[in-house]
Amino acid sequence: MSDPTSFTLAEARDAVRAKKISSLELTKALIGAVEAARPLNAFVTETPERALDMAKTSDARIAKGECGALEGLPLAIKDLFCTKGVRTTAGSNILSNFVPPYESTVTQNLWDAGAVMLGKTNMDEFAMGSSNETSHFGPVFNPWRSRSSNASLVPGGSSGGSAAAVSGSMCLAATGTDTGGSIRQPAAVAGIVGLKPTYGRCSRYGIVAFASSLDQAGPMTKTVRDAAILLRLMASVDPRDSTSVDVPVPDYEASVDSGVKGLRVGIPKEYRVDGASPDIDALWMKGVEWLKAQGAEIVDVSLPHTKYALPTYYIVAPAEASSNLARYDGVRFGHRAKDVCDITDLYEKSRAEGFGREVQRRILIGTYVLSSGYYDAYYIRAQKLRSLIARDFTEAYKKCDVLLTPATPGPAFAVGSKSADPVAMYLNDVFTVTVNLAGLPAIAVPAGLTTDGLPLGLQIIGRAFDEATVLRAGRAIEVAANFNAKPAQWWRAA
């Protein structure tokens, strides 16, 4: 049998069900991979004892013929999902000692399906970042290295730890969250698949909030099929989340290989932006040819308000963050400053010590745009633009079924190369934020390598709650690209 750490989620599922490998054997192999890859700093908290206990329980159920959809399959969980009895930090010092007394709905769904937890993955603090450099626990390093340099590269953000864990074969799959591209962008630069579902498809209960009208949980996997398998189990309606939508969750895996013959694929002209890598433009055109060759109809479309998406996002998201993060005051839970003289001093010192620079920056921006005299000038105008951006997609879908775009403006960049320039960092989300503002589903699929051997991804954007078609089109890209490159495991020698 091949190395268990190389299994896809689907391959591992079939092997465990056929009793070709036990959950315990599989889990031990992946625990070893997590330990060997510690130089990547992909995990904040490892849970090997819990994983082994869960694996033994799964093997006992399998022996009785009781097999859940994810029975015995080890996963990594982004450290934004509350896990009962296991530290949940959101990558922040202010939550560095927080152990939730409850479980998020998404992770509970996974445990109910028989999945095994390997640990909690590192992330940008409170999901605020595009490079996984803002974490209180230090940056995550991309498993990939450029052919022309030994410089450490970022894994994208904010779900960079999950992306590195999947790309580095430390888990079968991982959960992520996407507020402005935080699943798709790291997936693209780490050479894996990342799916952001429709807003409301997965419950947000028990997920530490960044921007409540934008956040959405989704799967990060080795293949499109694996994303289809995992999304079906993550998604559910939830009475504890008022934004969770009560619509049927299809068997996405059943239709993933249906092909794209007759599908109308829109190519938005506004996604040709200055400063994008020539490799990205070339890959995008190759993607058009791949879909056309498989029977899709290519249609030119326009999303005229795309140019306003980044400024709109960076008003709406910080405004919601400013409100959501007000709860971290040093009183009820999390970090509490010492040597304070009164309650105001407690608030100020706890928040100053607990929040990192990027989080403080976004809280200040959010508080500013919500303040008296600026609310109408900034926040209300941003909400109006958000409506226009969503309407652009509605009009485009009168002519097409899905959109094909790049996932990122370029490949992974060196750690530290953009951290001093917030605007340059924010531009990494130029192709992804529109999807969150409109609440639509989208998938990033690895489709090629740069001349320096770094992965690049293409993005499929679909109609609301039509993840099935997004997955079909993503699978068509995956088949045509035949992306099978793997990162050299340089960290084993580190």
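**Entry 1. Helix 9.** I note here that the model is predicted. Helix 9 runs over residues 278-293, which makes 16 residues. From its first C-alpha to its last I read a reach of 23 Å, close to the 22 Å expected at 1.5 Å a residue.

Next I asked which residues of helix 9 are buried. I listed I280, L283, W284, G287, V288, W290 and L291. Seen down the axis of helix 9, these buried residues fall within an arc of 165°, so they line one face of the helix.

I then looked up what the buried residues of helix 9 pack against. Their partners include five strands that I recorded by number: strand 7 (264-268), strand 8 (297-301), strand 9 (402-406), strand 10 (442-449) and strand 11 (455-462). Helix 16 (467-481) also packs against the buried residues of helix 9. Just after helix 9, I noted that G295 takes a positive phi of about 100°.

**Entry 2. A173.** I located A173 in strand 4, which covers residues 173-178. Is A173 buried or exposed? Its relative accessibility is 0%, and buried means under 20%, so A173 counts as buried. Leaving aside neighbours within four places in sequence, I found A173 in contact with P74, L75, A76, V166, M220, T221 and L230. I also checked A173 against G474, which is 301 residues away along the chain; the C-alpha atoms of the two are separated by 17 Å.

**Entry 3. Salt bridges.** The count of salt bridges comes to 21.

The side chains of E467 and R201 meet in a salt bridge at 3.1 Å, N to O. E467 lies in helix 16 and R201 in the loop between strand 5 (193-196) and strand 6 (216-221), so the pair ties together parts that are 266 residues apart in sequence. E467 counts as buried at 0% relative accessibility, and R201 counts as buried at 3%.

R184 forms a salt bridge with D178, and the closest N and O atoms are 2.9 Å apart. I found both R184 and D178 buried.

For R361 and E358, I read a salt bridge of 2.3 Å, N to O. Both residues lie in helix 12 (residues 357-369), 3 residues apart, which is about one turn of the helix. R361 counts as partly exposed, at 27% relative accessibility, whereas E358 is buried, with a relative accessible area of 12%.

I also traced a network of salt bridges, which links R13, D14, R225, E253, D257, R475 and E478.

**Entry 4. The largest pocket.** I asked how many residues line the largest pocket. The lining is made of 27 residues, and T8, K222, T223, F483 and K486 lie nearest the centre of the pocket. About 550 Å³ of space lies in this pocket.

Key
Residues numbered from 1 in each chain as written. Predicted model: local features only at pLDDT ≥ 70, side-chain atom pairs only at ≥ 80, totals over all residues. Heavy atoms only, no water. Helix = DSSP H or I, 4+ residues; strand = E, 2+ residues; numbered from the N terminus. Expected span 1.5 Å × (residues − 1). Buried < 20%, exposed > 50% of the residue type's maximum accessible area, 1.4 Å probe, protein only. Arc of directions from axis to C-beta. Contact = heavy atoms within 4.5 Å. Salt bridge = Lys/Arg side-chain N within 4 Å of Asp/Glu carboxyl O. 1 Å grid on protein atoms, 1.4 Å probe; cavity = no way out; pocket = protein on both sides within 12 Å on 5 of 7 lines; lining within 4 Å. Points joined across faces, edges and corners; volume = space filled by probe spheres on them.
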